[in-house]
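Have the viewer open and follow along.

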Amino acid sequence: MTKTFSDALDWHLAHSFGKTVQTATVDDWRMALSRVVRDRMVDPWFDATRRTYEQGNKRVYYLSMEFLLGRLLEDGLNNLGLTDEARSALSARGQDFDAVVRNEPDPALGNGGLGRLAACFLDSLSCLGIPAYGYGIRYAHGLFRQSFEKGAQVEEAEDWLAATNPWEFERREAAYDIGFGGVLKTVEGKLLWQPDEVVVARAYDTPVPGWQAGWTNTLRLWQAMPKKVFELAPFNRGDFMAAAAPEVLAETISRVLYPDDSTEIGKHLRLKQEYFFTAASLQDLVRRFMLHNGNIRDLPNQVAIQMNDTHPAIAGPELIRLLMDHHSLTFAEAFDIANGCLHYTNHTLLPEALERWGVPLMSEVLPRHMQIIERLEDAEARAATARGRRRTAATRIVDQGHVQMGNLAFVTARKVNGVSALHTDLMKQTVFADLHADYPDRIVNQTNGVTPRRWLYGCNPGLRDILNRELGPGWVTDLERLKGLAPKAEDTDFVNEFAAVKHANKLRLADWVKDTQGIEILPDAMFDIQIKRIHEYKRQFMNILEAAALANAIRANPEADWTPRVKFFGGKAAPAYVDAKYIIHLINDVARDVNNDPVIGDRLKIVYPPNYNVTMAERLIPAADLSEQISTAGFEASGTGNMKFALNGALTIGTLDGANVEISEFVGPDNIYIFGLTTDGVAAARPGYDTQAYIDADPRLSKVISQIRSGYFSPEDPDRYHALLKKLEKDDYFLVAADFSDYYQTQRRVDVDFRDSSAWHRRAVLNTALSGWFSSDRTIAGYARDIWNVRSLME
């Protein structure tokens, strides 16, 4: 007999966690509720798997180093339509639903847009009924937990797995040997790789339900385990460290996301990580295929593999190795099959972000793969000769002693996609120009999108209720229905209701800021928000320079008609990224000065909560008035934060970069603030670029730089930012000085426009109404049609 929701909650509280209603803590209630929700996921999950096998459908396998999922409990309740039942059951037992849901930690499985995109894609794959697996690493400690000590970033290990993860199923039977190092030997005429180090990849599965549980896919994460858990002999000799060494060394592989690779040992670990999860995933999908299809040559008809950035680019050589060494195919046969399965998403035009591994390192860690890479390089050279084309460094897989992973991914993939229209065009013109000439049909565009289930329905319940009333519930899976809201921008009562939802969101955020940061802010002020990983090209530096210049202007004329503004920052810097960490410190130093200046008062506040994550984004985005998307033109591949903000009724200030271009086209030039150099303008500015001339031409910028240099913002350490300023003045690669004046002036236009609240909120309504195209459902439908050649099983 099927238990009611309330009965199931009581059962799990008692039988899974050994607690009574009287003794259970909030944590116990959250764990029991999570198990009830997971139970409701299982039958649709099994049904989706059965239907996939019955219909012989092609599957998608999405390989990503990151899956920035966010909390799963509330998302699962929403997707399964169980929120009201859960709220009622908890209330009947004297529990606060919101407190129980907020008790859940964010899974530490990602860092920025790459991982959040992967999570949105998993949601959309399930909502569209496309059979799929997500493959990644079950990080014990994630990237890091960020805190600030006297304004400087401090990194500490995440501990999200310190308690039981209630969502996952351990799959002890799904375990694969992953080798490193060793030698190549020929035995009976067959080449064999004999690794000298072997770890075991063990699978942990999390069901990923689509809307209303119409389809459920799987996120499979790999944990590294030792082949031999414990060495008893050294233990008995008293050498306890040696006894535990196999376990410690193996588990290091799945311990931390993006370990510092500024050292040789760090490079070893990063390469091992990438190969570890890629090899385990490929072994797993080939095993699954062979269980139901005995002809390995049919693999491309049943398997579509998507490499999310270059981290899984070793998939090409690894799949070729499996086909040659385990299925006795020739190199040419193996390459054709691998090429038919593999696809590559490029996320950056930054050369340093397109990974390169030294040939000695690759040869040491993966000798068989280095051999296959050399064969791929030779095959490409011969193909170029046959085409009558001269090879360049831009087309070589191996160049100047390094394996170029971007080129490796490109050559082994059937399709290569960019993630916005501008980015895809620039791929063809810059980083992959020569390869594009060789393979003119390979590059396609799939502009990114975001899941409306989390980024509107879940995080903005006030706006959700309005949309349900005005459009019906169908918008949740057909986001372009938001266009039906556009006429409401002329309805004063509706605009006021929309504005009231925004104000309520701002009140909640203001309360949270006071409780957690000890800063009082005005809910009626403009909430100006930039949340993303800290990087020079994203130009948080320019943002804080503008804030400091604005503070100077307020001090000089405090009685002027200033528009109150609260600037929010959020994001982490990679531990080894020194300049990014200086920018974080500067933001906090300027914030300390501004927030404590009685002359400035409530006219300007700066808030930088530490440890930005998905949960924090869900607080900030619905409350935003202004979305900062100010990267140097030509450097942001797409961005997805820009889409989330627009969807929730924030206006964008930004450059014509990434998906800002398409957002501008959809919402219209009157509903977005565009400033700065274009991509062509950036290219034209570089020859003879004179940073000092731009600084001298703007007294506001010049004064702020003088203040920073003098130690005005860091009196305890006046020289703190000299290196940062020297880099700005001598090598302003991201053109902060060139764009500063236009940015400052555009911000003052924003100030003026914000004072006309009715006009501002009318434009906010139009941002929401005209952003429906930016759904990840649309993006995934494009991948299915143009890249993977798969169909939905819900049609």
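How many cavities of 30 Å³ or more does the count come to? The count comes to 4 in this predicted model.

Begin with the largest cavity, which has a volume of about 240 Å³. Its lining has 18 residues, and Leu69, Leu72, Asp75, Val208 and Pro209 are the closest to its centre. Helix H3, helix H6 (113-127) and strand E8 (197-209) each give two or more residues to this lining. By class, the lining divides into 10 nonpolar, 4 polar and 4 charged residues.

Next comes the second largest cavity, with about 80 Å³ of space. Among the residues that line it are Trp45, Arg59, Tyr133 and Trp215. Helix H2 (26-55) gives the largest share of this lining, 4 residues. The classes here are 6 nonpolar, 5 polar and 1 charged.

Now for a pocket. The second largest pocket has a volume of about 930 Å³, and 28 residues line it. Glu74, Asp98, Gly458, Cys459 and Pro461 lie nearest its centre. Elements that give two or more residues to its lining include helix H3 (73-80) and helix H20 (492-517). The lining of this pocket has 12 charged residues, along with 9 nonpolar and 7 polar ones.

Val229 sits in the loop between strand E9 (216-226) and helix H7 (232-236).

Finally, look at the aromatic rings: the whole structure has 35 aromatic pairs. One of them is the stacked pair of Tyr673 and Trp760, 6.3 Å centre to centre with 20 degrees between the planes. Tyr673 lies in strand E22 and Trp760 in helix H31, so this pair ties together parts that are 87 residues apart in sequence.

Key
Residues are numbered from 1 along each chain as its sequence is written. This is a predicted model: local features need pLDDT of at least 70, side-chain atom pairs count only at pLDDT 80 or more; totals for chains, interfaces and linings use all residues. Side-chain values use heavy atoms; hydrogens and water are left out. On a 1 Å grid over the protein atoms alone, a cavity is a set of points where a 1.4 Å probe fits but cannot get out, and a pocket is an open set with protein on both sides within 12 Å along at least five of seven lines; lining residues have an atom within 4 Å of a point. Grid points are joined across faces, edges and corners, and a volume is the space filled by probe spheres set on the points. Ala, Val, Leu, Ile, Met, Phe, Trp, Tyr, Cys and Pro count as nonpolar, Asp, Glu, Lys and Arg as charged, and the others, Gly among them, as polar. Rings of Phe, Tyr and Trp (its six-membered ring) pair if their centres lie within 6.5 Å; planes under 30 degrees apart count as stacked, over 60 as edge-to-face and the rest as tilted.
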